[in-house]
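Q: I am new to this structure. Please show me how to read its features, one at a time.

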2 protein chains.
Amino acid sequence: MPRIVEVRQNILKRNDEVARALRNRFREAGVFVVSVVSSPGSGKTMFLEKTLTRLRERYRVAALVGDLATDNDAVRLARSNAPVKQITTGTLCHLEATMVENALAEWKLADLDYLFIENVGNLVCPSSYDLGENLRVVLLSVTEGEDKPLKYPTIFNSADVAVITKMDLAAAVEFDVEMARKNIEAVRPGMKVISVSAKSGEGMDEWLELLGSAAAGGK
Amino acid sequence: MPRIVEVRQNILKRNDEVARALRNRFREAGVFVVSVVSSPGSGKTMFLEKTLTRLRERYRVAALVGDLATDNDAVRLARSNAPVKQITTGTLCHLEATMVENALAEWKLADLDYLFIENVGNLVCPSSYDLGENLRVVLLSVTEGEDKPLKYPTIFNSADVAVITKMDLAAAVEFDVEMARKNIEAVRPGMKVISVSAKSGEGMDEWLELLGSAAAGGK
């Protein structure tokens with residue numbers, strides 16, 4: 001089907017242009033932008049809520065949240081008291097750079113230190129769409145099983161950091177952390193991997209340190 | 001973007017034609033076809049493995065398994081001793097009717113009572129693609145949270161039955177079954193919902209009964 005391939009390439013090309021412009025704006029405004037991808041129910045929102053709450057003690061933070069329908073996640077993230085905006089995508093299984101651009105229209109980027117973008121819960125669609133972010137984080141919850149990196153290599157290849165979530169449930173689901181790390185390493189050699197439980201707080205210090213270093217280097 | 005919409009409609013139209021032909025073949029061969037959709041890690045494979053193992057005592061069963069990469073799930077399902085074939089979709093986040101048609105080329109459908117099709121783990125992409133199945137089942141695991149039906153209404157609307165999986169973990173993740181059922185009812189009034197644990201066996205009798213009634217009515 002050469003025609004659909006061509007149309008898709010045009011969409012991706014246009015997306016890359018908008019993403020590049022966004023990246024320039026982010027740099028000029030001095031805001032460090034982190035996007036989060038994962039399958040539905042991997043704990044993105046809880047992870048971000050805890051991250052926002054911790055960062056707000058010292059930094060100016062905000063978040064955009066993508067979902068097909070509902071503003072449930074925006075409501076949850078707003079509990080961190082950070083400014084939050086919902087993007088509903090209808091039937092689209094990923095965010096695109098123009099959606100981010102539009103959502104930011106009323107915000108003054110220079111007033112922010114960190115901006116988080118929670119993508120639609122999907123392990124396939126978001127991988128091809130650059131959002132202009134500085135750091136892309138892929139979440140993998142222990143309840144999904146150790147082999148997800150092997151089954152969804154593209155999303156792991158498009159991300160900079162992997163975070164294994166819901167570690168408090170690891171024993172109950174007999175999750176093999178070493179096997180999961182080995183599978184991530186097989187798909188993306190050298191990828192940084194952190195294991196956390198947003199519920200118990202395990203690993204969150206390590207995550208915030210990584211974020212701080214990345215922001216210090218990335219600005 | 002009228003052009004991409006048009007191309008997509010052509011693809012869906014073509015898919016519907018192939019699916020219709022498949023459905024006719026399935027009816028003529030007397031095989032009852034069940035497809036399973038869910039997000040990655042919802043327990044599709046374990047659920048199907050237990051289903052195949054139980055059904056094999058009395059029926060001739062087989063399965064097709066879709067994934068972007070790896071044949072891990074086919075290997076797991078083969079432990080049921082049922083014939084299993086893997087379909088790898090590359091970067092496509094759903095199965096299409098032609099993939100099912102091609103995968104079945106070497107199988108004699110008249111030799112089967114039940115055929116199961118495990119779709120790619122995705123709560124968005126598979127909803128628009130008819131595979132000629134008699135029954136479409138959407139799985140929702142307790143670790144994903146109660147609000148998934150509200151966030152992914154289309155996949156619930158495209159399915160006939162909802163199965164809540166991993167009930168053995170419900171207490172550990174404080175899953176509210178009544179809330180989940182209420183949310184499914186809100187999205188798809190009257191939808192049949194079953195709660196199971198493939199691990200403990202809870203609810204599997206009810207599921208197999210439902211399957212038997214559907215097959216008796218659908219053939």
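Q: Which residues have the most contacts inside the largest nonpolar core?
A: In soluble globular proteins, nonpolar side chains tend to be buried together. A nonpolar core here is a set of buried Ala, Val, Leu, Ile, Met, Phe, Trp, Tyr and Cys residues joined through side-chain atoms within 4.5 Å. Buried means under 20% relative accessible area, exposed means over 50%, and partly exposed lies in between (1.4 Å probe, protein chains only). In this predicted model the largest core has 52 residues. Those with the most contacts inside it are Val138(A), Phe156(A), Ile164(A), Val138(B), Phe156(B) and Ile164(B). Elements giving two or more residues to this core include β5 (135-141) and α7 (177-187) of chain A, and β5 (135-141) and α7 (177-187) of chain B. Helices (H or I, at least four residues) and strands (E, at least two) are DSSP runs, numbered from the N terminus.

Q: What do the numbers, letters and cut-offs rest on?
A: Residues are numbered from 1 along each chain as its sequence is written, while chains are lettered from A and ligands numbered from 1 in the order in which they are written. This is a predicted model, so to speak of local features needs pLDDT of at least 70, side-chain atom pairs count only at pLDDT 80 or more, and totals for chains, interfaces and linings use all residues; side-chain values use heavy atoms, with hydrogens and water left out.

Q: Is Glu174(A) buried or exposed?
A: Glu174(A) is exposed, at 60% relative accessible area. This residue sits in the loop between β6 and α7 of chain A. Its phi is positive, about 55°, although Glu174(A) is not a glycine.

Q: What is a salt bridge, and how many are there over all chains?
A: A salt bridge is a side-chain nitrogen of Lys or Arg within 4 Å of a carboxyl oxygen of Asp or Glu. The count over all chains comes to 28. Take Arg60(A) and Asp113(A): their side chains meet at 3.2 Å, N to O. The pair links distant parts of the chain, 53 residues apart. Arg60(A) is partly exposed at 41%, whereas Asp113(A) is buried at 15%.

Q: Where do Asp73(B) and Lys151(A) lie?
A: Asp73(B) lies in helix α3 (residues 72-78) of chain B and Lys151(A) in helix α5 (residues 148-151) of chain A, so the pair joins two chains. The closest N and O atoms of this salt bridge are 2.7 Å apart. Asp73(B) is buried at 1%, and Lys151(A) is buried at 5%.
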